[in-house]
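Morning, everyone. Please have a look at it on the screen.

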Amino acid sequence: MNSPFFIRIAALVLMMGVGALAQAETIEEVMKRSQEERLVSFERSPATESVRMIETTFGRLCQALNLPPGAAELRVVKRGPYAETLLGRVVIVNESLAALSEGERAFILAHEIGHIASRHWGQMVAVYRFRVPGEVRQTETDAIAGVLGREASRLAHCQEVAADAYALQA
């Protein structure tokens with residue numbers, strides 16, 4: 001997860017009014033829909049030796065870190081982020097990750113697994129839900145835009161440091 005993504009979510013939510021939505025949505029629904037749309041926008045890489053190398057490293061890490069089966073999903077993509085976690089369980093990595101040494105690749109993947117294991121997605125959703133407890137309405141979100149942006153950014157920063165610490169331990 002990265003801070004800019006959650007700042008973009010805050011901006012999206014705060015600019016949207018109920019009229020912009022097909023139906024009234026909760027903040028959690030808006031956040032989930034936004035990440036699902038981002039997820040489908042990435043083109044998967046074909047099964048190559050590079051992709052298999054990344055998948056092998058990821059599988060070893062998940063096993064070594066005792067991640068429950070199905071808790072994390074890996075998607076290797078042609079273009080897009082170097083590494084990112086979406087929906088609290090889907091790790092997106094660029095196929096260029098295969099060019100790194102095994103240790104570097106493992107650290108980056110362990111960092112993303114750290115977001116999953118630490119349940120960072122749920123923590124971020126809770127921050128948004130606290131500030132936008134009901135339906136997303138522009139008249140209500142405009143008033144809390146600044147404080148929500150600061151809280152989300154602060155949490156995202158803490159989550160990045162925690163994911164680095166998790167990766168170092170891994």
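Start with Thr-57, which sits in helix H3. Bear in mind that this is a predicted model. Is Thr-57 buried or exposed? Its relative accessibility is 2%, and buried means under 20%, so Thr-57 counts as buried.

What does Thr-57 touch, once its neighbours within four places in sequence are left aside? Thr-57 is in contact with Glu-102, Arg-105, Ala-106 and Leu-109. Those four residues are on the H4 side of the contact between H3 and H4, and that takes us to the helix pair.

Helix H3 covers residues 49-64, and its axis comes within 10 Å of the axis of H4. The two cross at roughly 55°, which makes H3 oblique to H4. The crossing is right-handed. From H3, the contact takes in Met-53, Ile-54, Thr-57, Phe-58, Arg-60, Leu-61 and Cys-62. By class, that gives nine nonpolar residues, one polar and three charged.

Now the other partner of H4. Helix H4 runs over residues 102-117 and also packs with H6, at an angle of about 120° and with the axes 7 Å apart. H4 and H6 are therefore oblique to each other, and their crossing is right-handed. On the H4 side we have Phe-107, Ala-110, His-111, Ile-113, Gly-114, His-115 and Ala-117. They meet Gln-159, Glu-160, Ala-163, Asp-164, Tyr-166, Ala-167 and Leu-168 in H6. The residues of this contact divide into eight nonpolar, four polar and two charged.

Last, the cores. In soluble globular proteins, nonpolar side chains tend to be buried together. Here the largest nonpolar core has 22 residues. Which of them touch the most other members? They are Met-31, Ile-92, Met-124 and Tyr-128. At least two residues of this core come from each of helix H2 (27-40), strand E3 (90-94), helix H5 (120-131) and helix H6 (138-169).

There is also a second, separate core of 21 residues, which includes Ile-54, Val-93, Leu-97 and Leu-109.

How values were computed. Residues numbered from 1 in each chain as written. Predicted model: local features only at pLDDT ≥ 70, side-chain atom pairs only at ≥ 80, totals over all residues. Heavy atoms only, no water. Core = buried A, V, L, I, M, F, W, Y, C linked by side-chain atoms within 4.5 Å. Buried < 20%, exposed > 50% of the residue type's maximum accessible area, 1.4 Å probe, protein only. Axes fitted to C-alpha atoms, helices over the stretch in contact; angles between N-to-C directions. Parallel < 35°, antiparallel > 145°, perpendicular 65-115°, else oblique. Left-handed = near helix turned anticlockwise from the far one by under 90°. Contact = heavy atoms within 4.5 Å. Nonpolar A, V, L, I, M, F, W, Y, C, P; charged D, E, K, R; others polar.
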